[in-house]
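Reader: Could you pick one spot in this model, take a close look at it and then work outwards from there? I'd like the cut-offs along the way.

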Amino acid sequence: MTEDVTLMKGNEAVAYAAIRYGVDGYFGYPITPQSEIIETLMEAAPWKTTGMVVLQAESEVAAINMVYGGAACGKYSMTSSSSPGISLKQEGISYLAGAELPCLIVNVQRGGPGLGTIQPSQSDYFQTVKGGGHGDYRLITLAPNSVQEMADFVSLGFDLAFKYRNPAMILTDGVIGQMMEKVKLPEYRRRRTEQEIREQCPWATLGKTKDRGPNIITSLELDAALMEKNNERFQAKYRVIEQEEVRYQETECEDADYLLVAFGSAARICLKTIDMARKEGIKIGLLRPITLWPFPSNILNTYADKVKGMLTVELNAGQMVEDVRLAVNGKVPVEHYGRLGGIVPTPDGVLDALKEKIVK
C-alpha cells in the first residue's frame, strides 16, 4: 500500500507517518491530549515489521535523553508530549541544540500554566520559538492546521532537522491532535542501514573505523573562546535557516484591507471569519505561518504597506502578536484576539474582535 487514505486523528497520523518514514526510535511518556501517539505506535508494533524501537520511558526527562542518545548515532529519533511534559524536556532539548543533533519533537499543546487543563491551547509559542531551555538556540518549528499536515510534517521535520543538524518541533494543539479527518499516508520507506547512516552522518557515534578519528558528541566546551566560536557557528546556521526555510500560506490576501494572522487550529477558524466578513463587505485575508521559526517576517512587512491593520488570532493571551508587531515595525496597527483556559475562539468572536479593535 503506497497511497492509503483513511480517517484518523491527528495524533494517529503522526504515529503512522513515523513508521512509514523509517523512524528508528520513538521514546515517550503518556500525557493528554497526545497519548494516542504512543498508544498507536504500541498497537501498530512496528518493531515486528520495520525494527523501529517504541519505548515508554520512566519519565519525560528520560525520554528526551533517550532521543539524545539515538540522535547521536545518526538515527531518526523522536518524542512527543504535551505542554507540561515538554517543559520537563527543555534541558534535554537545549543539549540537543548545543550538540547539533537532529531529532523530531511533537508538542500537542494543552492549556496552562502548570497542569492547567487537558483542553487545547497555543500558549507554548514563546517557549518554543524563543528557546524554552537555556542558551541562545532555536528550534525549527512547524505548525500544522490539519490531520494531513500532521502526517506530512513528520517527514518535513526530520528532513529539515538532518539538513541543518538541529532539533525540529511540530507545534500543534489538542484540536488538531484529537480531530479526525481523511489523510493520505506517505509511502513506506525502509529504515537506513548502518552503512548508509555512516555515509550520510559522518559525525555519528556508531563506533570508530580505522580510517578516521573518534567522533565526540557534546554540548560542553569549557574554553570560553571556543564556546563563543561554537555559538557564532550556531547563529550563522540560524541565519541560513531564516533565509531558506520560511513557509506560510496566504488566503484571500490579494485585495484585503485587513489581515488576520493565525496558525494551527486558530487559522482554520479564521477561514470561516473571512467568508462572514466579506459577505458584510469587509475585505479581509489570512496569512498563516507554517514555520513559526523561522517566522515569515518579510511577507508580513510587505503586507503592512497594503493593509489598514492586522489582527492575530491565538489560543493564548497574546504571544505571536509580538512577532507580528516586530515584523510590521509600526506601519499599521496590530491587535490580538484570543481565548484562554482551553476555550476555542469562534468565527463570530473573531469577526467581532476585528470590528472592535481594527475596523474603525
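Author: Let's start with arginine 190, which is exposed at 56% relative accessibility (exposed means over 50% relative accessible area, buried under 20%, and partly exposed in between, with a 1.4 Å probe and protein chains only). Before going further: this is a predicted model, where local features need pLDDT of at least 70 and side-chain atom pairs count only at pLDDT 80 or more, while totals for chains, interfaces and linings use all residues. Residues are numbered from 1 along each chain as its sequence is written, and side-chain values use heavy atoms, with hydrogens and water left out.

Arginine 190 forms a salt bridge with glutamate 196, with 2.6 Å from N to O (the term covers a side-chain nitrogen of Lys or Arg within 4 Å of a carboxyl oxygen of Asp or Glu). Glutamate 196 is partly exposed, at 21%. There are 18 salt bridges in the structure.

Another of them joins arginine 192 to aspartate 24, at 3.5 Å from N to O. That one links distant parts of the chain: arginine 192 sits in the loop between β8 (180-184) and α9 (194-200), aspartate 24 in the loop between α1 (10-21) and β2 (25-28), and they are 168 residues apart. (Helices, H or I with at least four residues, and strands, E with at least two, are DSSP runs numbered from the N terminus.) Here both ends are buried: arginine 192 has a relative accessible area of 10% and aspartate 24 comes out at 6%. Arg191 joins in too, as Asp24, Arg191 and Arg192 make up a network of salt bridges.

Lysine 237 and glutamate 100 form a further salt bridge, at 3.1 Å from N to O. Lysine 237 belongs to helix α10 (residues 224-244) and glutamate 100 to the loop between α5 (90-98) and β5 (104-109), so this pair ties together parts 137 residues apart in sequence. Lysine 237 is buried at 11%, and glutamate 100 is buried at 13%.

Helix α1 packs with α2 at an angle of about 45°, the axes 8 Å apart (axes are lines fitted to C-alpha atoms, for helices over the stretch in contact, and angles run from 0 to 180 degrees between N-to-C directions). That makes α1 and α2 oblique to each other (under 35 degrees is roughly parallel, over 145 roughly antiparallel, 65 to 115 roughly perpendicular, and the rest oblique). Residues in the contact include Val14, Tyr16 and Ile19 of α1, and Ile37 and Leu41 of α2 (contact means heavy atoms within 4.5 Å).

As for β2, it belongs to an open, mixed sheet of seven strands in the order β3-β2-β4-β5-β7-β6-β12 (two strands pair if DSSP finds at least two bridges between them). β3 (53-56) and β12 (291-293) stand at the edges with a single partner each, so one side of each has no neighbour in the sheet. From one strand to the next, the twist averages 20°. Within this sheet, β5 and β7 (residues 168-173) pair in parallel over six bridges, and isoleucine 105 stands opposite methionine 169 in β7. Helix α2 (residues 35-44) comes back here, lying across β2, β3, β4 (77-81) and β5 and running at about 130° to β3.
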